Amino acid sequence: MANATFDIEKVRKDFPILQRKVNGKDLVYFDNAATSQTPKQVIDSIVDYYENYNANIHRGVHSLSQEATDAYEQARIKIQKHFNAQKPHEIIFTSGTTHAINLVANSYGSFLKPGDEVLVSALEHHSNIVPWQMMCEKTGAQMKVIPMLNNGQLDMNFFHKEVSSKTKMVFVNHVSNALGTINPIEEIIATAHAHGAKVLVDGAQSAPHIQADVQELDVDFYTVSAHKICGPTGVGILYGKEELLEQMPPYQGGGEMIAEVSFEKTTYAGLPHKFEAGTPNIAGGIAFGVALDYMHSIGFNVINAYENELLTYATERIKEVNGVIIYGPENPKDKTAVLSFNVEGLHAYDIGTILDQMGIALRTGHHCAQPIMDYYQIPGTARASFSFYNTKKEIDSFIEALKKAVSMLS
Amino acid sequence: MSKIEEKQEEIVDEFSMFEDWMQRYEYMIELGKTLPQIDEQHKTDENIIKGCQSRVWLHADLEGDKIKFSADSDAIITKGIIAILIRVFSEQTPKDILEADLKFIDEIGLKDHLSPTRANGLVSMIKQLKNYALAYQAKLN
Ligand SMILES: Cc1ncc(COP(=O)(O)O)c(C=O)c1O
């Protein structure tokens, strides 16, 4: 790595889990697109919270509650700054991307009417398909699918043809989890807006690699899961433009989200609390902020460049294995560090099982994106996804293990 | 000792000869190649076992008072697992199959060693084998 500021050995020491063995072998963790590993700085922040200032937020008069509230709201501000949202209350804490999408589908989606159309990309994770299908069924709106092309990119001609004044919403991921495709969201957002449609971008897969600027993108909604960006599980955010969030009805009722409650009438709290019913994942929210600090201490540009180098190297090396078919964009520059592949005549599941015996963690299956698998007419793929704490040496181990697996299984 | 128990012991013995799971998988892959092949006509959607990540087809014929199983899968390790199960169950009476306690699965540590999805698949396979036994037992009575 040319960048002198990036000391991979030092970075790896921050991740205790990377020291462990699996099936007697050094762990090679290449399932980062499913969940990233957690640096000790983040783990420590969770321990610190529970050891020193665990308390419910926004309600207590006592010191602990105040400290917890401050730390939680500080985290919101860190997240706001990271995504360059205009206001902290445009960041709504959720349990993750799935929750964030369901929030928008149920709340903003309730404005849909029969005759309205929504456009969804064929590259979506099920969590950006099913909530909208449910909402379309309820409201009578019609869902249209932007198809994908053989190279794993969206058919933008179709999109430009189909988007119209009937289109009320477009949902697309910034990056596809199954293939790593980086979608042209700038073009999609600008075109959708020209027709008066709103856009939700699922940022679950982009957040670990690309620092999105929601104002520059002019995106209406953006969703993120902390566990894919070195944070803990069970926490994430919805970014929404203030004016939209203000119009939207609450999604869940309960404590925290109210101004006044009587059996005759309840008035709702302002943003962001209107959408944050119940006691949230306080430690998780705080740790999410610490995870972003950690990522920034390395730098997103450095991370992105290094991961692309890993991807380029892996893409070259995997071609040594007979019968490998790679899915998704051919050029590593068009995707994040995801290598989705099959070996001719073999089932991805078998490959994943044998690699696991050699300590190598991959994901196999449809990756919660069955429409993509249907397109290629395959049951699934094996997916190696890299992070900045991975090394070329690990890729070498992976390639050797893959060769061995292929010879065993053939 | 019943025939089913004998076969289970055989399998436990075989698996204990290997040093590690890599070798056991190698053996399962070999067993997968010996799986009694299901007739193409029986590879229907109805014969697919639900709950497996790979596709598994299972068929059973009654020959005399014994059941003969045949199967296939698109994944070779899955074929190996089902080959083991069929080795235990095939050409046994429905009654023996229904009463069988599959101790060998725990004894060889198979279930613990499988990924959660494959372990679920294993449970579904056993259930389906027993379902066939139940159906044929009803027919025999
Ligand atoms: C593109 C994409 N969207 C949504 C999700 C769902 O995220 P979560 O399970 O954290 O809600 C994932 C995670 O796999 C994903 O990759």
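Biologist: A crossing is left-handed if the near helix is turned anticlockwise from the far one by less than a right angle, and right-handed if clockwise. Which is it where α12(A) passes α14(A)?
Modeller: Right-handed, with α12(A) passing α14(A). Helices here are DSSP runs (H or I, at least four residues) and strands likewise (E, at least two), numbered from the N terminus. This is a predicted model: local features need pLDDT of at least 70, side-chain atom pairs count only at pLDDT 80 or more, and totals for chains, interfaces and linings use all residues. Residues are numbered from 1 along each chain as its sequence is written, chains are lettered from A and ligands numbered from 1 in written order, and side-chain values use heavy atoms, without hydrogens and water.

Biologist: What's the angle between those two?
Modeller: About 120 degrees, for α12 (residues 348-357) and α14 (residues 392-409) of chain A, with axes 9 Å apart. Axes are fitted to C-alpha atoms over the stretch in contact, and angles run from 0 to 180 degrees between N-to-C directions.

Biologist: Which residues make the contact?
Modeller: From α12(A), D350(A), I351(A), I354(A) and L355(A). From α14(A), F398(A), A401(A), L402(A), A405(A), M408(A) and L409(A). Contact means heavy atoms within 4.5 Å. By class, 9 are nonpolar, none polar and 1 charged (Gly counts as polar).

Biologist: Switch to chain B. How do α1 and α3 cross?
Modeller: At roughly 145 degrees, with the axes of α1(B) (residues 3-16) and α3(B) (residues 76-89) coming within 8 Å. α1(B) brings I4(B), K7(B), Q8(B), E10(B), I11(B), E14(B) and F15(B). α3(B) brings I84(B), R87(B), V88(B) and F89(B).

Biologist: And how many of those are charged?
Modeller: 4 are charged, beside 6 nonpolar and 1 polar, in the contact of α1(B) with α3(B).

Biologist: Now the ligand. What surrounds it?
Modeller: T97(A), T98(A), H125(A), S127(A), N177(A), D202(A), A204(A), Q205(A), S225(A), H227(A) and K228(A) (a heavy atom within 4 Å).

Biologist: How far is the S225(A) side chain from a ligand oxygen?
Modeller: A polar side-chain atom of S225(A) lies 2.7 Å from a ligand oxygen. For H227(A), a polar side-chain atom is also 2.7 Å from a ligand oxygen. With K228(A), a side-chain N or O atom is 2.7 Å from an oxygen of the ligand. The polar contact cut-off is N or O atoms within 3.5 Å.

Biologist: Backbone next. Is the bond from L271(A) to P272(A) cis or trans?
Modeller: Cis, with omega near -5 degrees. P272(A) is in the loop between β12 (266-268) and α10 (282-298) of chain A.

Biologist: What about phi at C230(A)?
Modeller: Positive, about 70 degrees, although C230(A) is not a glycine. C230(A) lies in the loop between β9 (221-225) and β10 (236-240) of chain A.

Notes. Polar contact = N/O pair within 3.5 Å; in protein donor to acceptor, adjacent residues only side chain to side chain.
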